[in-house]
Each structure stands twice: as C-alpha cells, then as structure tokens.
Amino acid sequence: MNKIKNLYVNCKVRFNHGKGYIIAVLPSGKVIPIIDLHMRLLEYISQESFRDKICCYINDIEPGIDPNKVIDIMIDNGIIVESEASYQWPGMTYGASLIDKEEEDAVLNVIRSRKLFRHENISVDGYKYQPKCFINDFEERIKKMLDIPHFLAVSSGTCALDALLDAFDITYGDEVIIPSFAYIGIVSILIKRGIVPVICDIDEFLMLSSADVEKKFSAKTKAIICMHYRGRAAQIHSLAEIAKKNKIILIEDCAQAIGTSLNGKMLGTFGDAGYFSFHQHKLITCGEGGGICIKNSDIYKKLQLITDASRLFAHRDILPGIPGSNYRMSELHAALGCCQLDRLDGIVSKLMELYEIFVSELEGLEKIRLLPLQPKEYGGVQSLCLQVKDRVIREKLVEYTRELGIDTVALYTKDSYHHDIYLNWAYAIEKIGLVDSWVNDRDRLHEIYPRTLEILSHTITIPLGIGVSKQSAYQLACDIKAFHNNLEG
Ligand SMILES: Cc1ncc(COP(=O)(O)O)c(C=O)c1O
C-alpha cells in the first residue's frame, strides 16, 4: 500500500469530448485509449488510498471490469508510475475528506426522524420552520456569515443559476456576458434557454476582464456573470461599477469560493446575486447542493416560488404566482451541510496558511510568478497559479513537479482538453456562430480570444488541499525555488 501512495500520472491525459474516454499520451508519443472512465479518476490519483478509491470508481461506472487489471495496465504502460516523491500531496482534499461521526449522526438523525422533506418541518400555523429544520438552519447560518438579507438553499449550483435567470427575467434572445474561462455549466444553461453568451477575455488573474466587458456591451445585454476561480476573487469592484453604471445585473458565481472575502465583505454580496455549490468537490459539501444569496426581497420571493413549484401556499400575496420547478434541498443534504459549515473556517484558514507559505518563499522570482491575491483578500485558495515566462519553462516545471508527485496542470496546451476553456464549448461556439463547425474549424477558434489562450498557456496550477501538510508545502516551495534558480539564462 505504501508504494501505491506514490503513484502518479506519467503522461498527458486527454478527454475525448462527448465520449468520456481517457486517452493517455505517453512520453514516447504513443496514444492509448485507457478505458471509459471519467476525469475524476485523476483527482483520486492524488488521494491517499489511491487504489481503493480508483477501484470503487471503476466498479461504479463499469461493473464487471476488474479494476486492479485496469490499474495494472496503466502501470505496465507507464501511464501511472511510482514516484520518488519524498512527500505526500493530497491536493484536492476539502470538506468531504473531513466527513466524520458528526455528519454520520446528523444524517442518521434525519433518517430516524422520518422528516426528509423541508416542509415536513413547517408548522401549519403561519408557515414557520420548527427549530429542528436543518435547511432553515443552514440558510440562517450562511445568511449571517455573508451578512445578507436572504439566502436560499437549492439542489445544486447549476439550479441556482437557472433559477436566477428566471428571477431576473433574463430570457430568449437576451445577451449575458461571461468569461472565456469558466465552468462549462454556465454556458449550457444559457444556451439551453436561447440566451446568447457573450464571451469576454480573462485578465491576468484568470477571471473576467472588466476592460473587455466594457467593449462587449450591447443594447441586448441583460447581465454579467463573473466567476470567482478556486477560492480567489474576480475584479469584483470594477465589475460591480460597470454593472451599476449600465444598469445591468451582476451575478457572482461563488461555487468555488465560499468563505472568501475582500476587505471583510464576502464574495456573493457585491453584485445583485451570488450563488454557491455544495457539490462533493467544493470547500464544503452536502453531497450535492447549492444556494443563492440575494438582497432584494421581491426577487427572493420569486426565487422561492421558482425553485419550489408547490410553495405558492406561502406566497398567496403574489398570486397568480410564478410557475416553478423543484430545485429544493433535502433535509439529509442540509444536515450534512450544517456539520460542514462548522468546518469551513478551519478549511479556509488551512488553505490560506498553505498559500502564504508559497507567497513568502516564491517572492521575487524573476521567471515564475505566484498569482497574487488582491489587497485584503482572504479565502480558501484551492490552487497555486504559477505564471511562467515562457512555454519551455512551463513544460519543464510541469515535468519537474509531476516527478515530485504533484498533480500539476498546464491550463492550456495545444493538445490538452480543459472543459472550462471556451475552445471546448462546442455547442455554444456553434450556436453563437463563432465558427460553423467546432470539429472542422477548431484552429480558427484559437484566433478569437488569443489573449485568453496566451494567459492560460503561461499558467500552471498546483492543487492545494487541507490534507497537504505545512511541511510539504514548505518543501515544495523550496523545490520550486531551487528549480527556478537552476534555470539557465
Ligand atoms: C465555478 C462553478 N460554477 C458552477 C458550478 C456548478 O455547481 P453544481 O455542480 O453544484 O451544479 C460548479 C461546479 O463544479 C463550478 O465549479
């Protein structure tokens, strides 16, 4: 088992869009389709009980296949190898990795209460929640943390955005500004509704460029969606100013950034609305889950109806009402979420401590720059973003850190696939007419947002997780510094 802990991916791994194959490109250049797997496989590789997790995963999606054989094939082909790593780097470890007896008890108690649905916990007189309603508790606590009048728990971050589009009457033919590097689900929701995504470049901090937003306005622009990337804040002050000046709605995607603040003000509260995800891979998790924070009480009421088709009983004042869907959270998810909320401060401060180690160790390097936080920014930074001077250094640094056992990612290379980059939003790209055919015109796509690709191609990311020890962080920072100082020229 000890040996297995030091396995790491030894090749470029591509995801064959739409089919879910992982194609491994070996250092020799040979291409091997591994098996119908999902990209999350890669995340497990960085976790401690690698083989157990990978086996469960393979069993889940490909019953009948012997997972150990798959792993052996990968080892035989050099796709995963034992590293000489002298330290562990469980880089994608957040709230889910802390799930413990508290979560178990809380969920079990909900099961035993037999009240799994939010409104089971409502008193008949006056629609007040009883003290034991976990969803209510979850919402109240986040509302307090964000210091905002309303917070509504829903079933996912994607549902949260979907509901917000309805609540703000953003509809077919309207334009919504989004960054060229963003979660692909944002684009899907817009396209699905016939809303036109207007793609803007990113800035050097990898997030929506306010300069480009200013250029891309039209009379049809209804909203801006900005995304806070992996616990770090977008240039939210300037975006809020632009939105206000032009009287358009600003929605903050905080799915990856719960707990991050700028000068004490929490992300999600700068725009007209913010939304969060409590998916397994987020800082804190309900398994699946999401939430919306909002200041405007009328929009909040609308959201309650939009996300809960049967809720009209509580809002007879806005009859004939608003047609809704069911995006409700269950008590089971909220029970988990409440326990995880207790852990949030600890998670954020651990990630911040790790990040600070790199800030102090990598300061002043000429050819490698650690992407800085904004003044008075504090949050659960989930990736070190290292910007390098040129692509040769990028390749060398990726290889070097991978050999140390780190799951380093070059955000953009010609032959990699990253579904957060506009290049790979096939259906959106065709629908909005950037190219006729995503398959045939891929090369032309590189010319549309060259600044985005330039920035991404100079950036590599190293995942930070709460399972990483401060000692390992310090050691890696020293290794990167040594790598830098050994570079020629
Ligand atoms: C930036 C961002 N936005 C939105 C979402 C969607 O959240 P969910 O998976 O809860 O629908 C995610 C989840 O991966 C995300 O990372």
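**Exercise 1. Describe how helix H6 (residues 134–146) and helix H12 (residues 331–362) cross.**

Solution. The axes of H6 and H12 come within 8 Å and cross at roughly 35°, where axes are lines fitted to C-alpha atoms, for helices over the stretch in contact, and angles run from 0 to 180 degrees between N-to-C directions. Helices here are DSSP runs (H or I, at least four residues), numbered from the N terminus. Next comes the hand: the crossing of H6 and H12 is left-handed, the near helix being turned anticlockwise from the far one by less than a right angle, whereas clockwise would be right-handed. H6 contributes residues including Phe134, Phe138 and Met145, and H12 contributes residues including Ala334, Cys338 and Leu341, with contact meaning heavy atoms within 4.5 Å. By class, the contact of H6 with H12 divides into 10 nonpolar, 1 polar and 4 charged residues (Ala, Val, Leu, Ile, Met, Phe, Trp, Tyr, Cys and Pro count as nonpolar, Asp, Glu, Lys and Arg as charged, and the others, Gly among them, as polar).

The model is predicted, and local features need pLDDT of at least 70, side-chain atom pairs count only at pLDDT 80 or more, and totals for chains, interfaces and linings use all residues. Residues are numbered from 1 along each chain as its sequence is written, and side-chain values use heavy atoms, with hydrogens and water left out.

**Exercise 2. Carry out the analysis for helix H7 (residues 157–167) and helix H8 (residues 184–192).**

Solution. H7 and H8 pack at an angle of about 35°, their axes being 10 Å apart, and their crossing is right-handed. On the H7 side stand Thr158, Leu161, Asp162 and Leu165, which meet Ile186, Ile189 and Leu190 of H8; these residues divide into 5 nonpolar, 1 polar and 1 charged.

Terms used: Helices (H or I, at least four residues) and strands (E, at least two) are DSSP runs, numbered from the N terminus.
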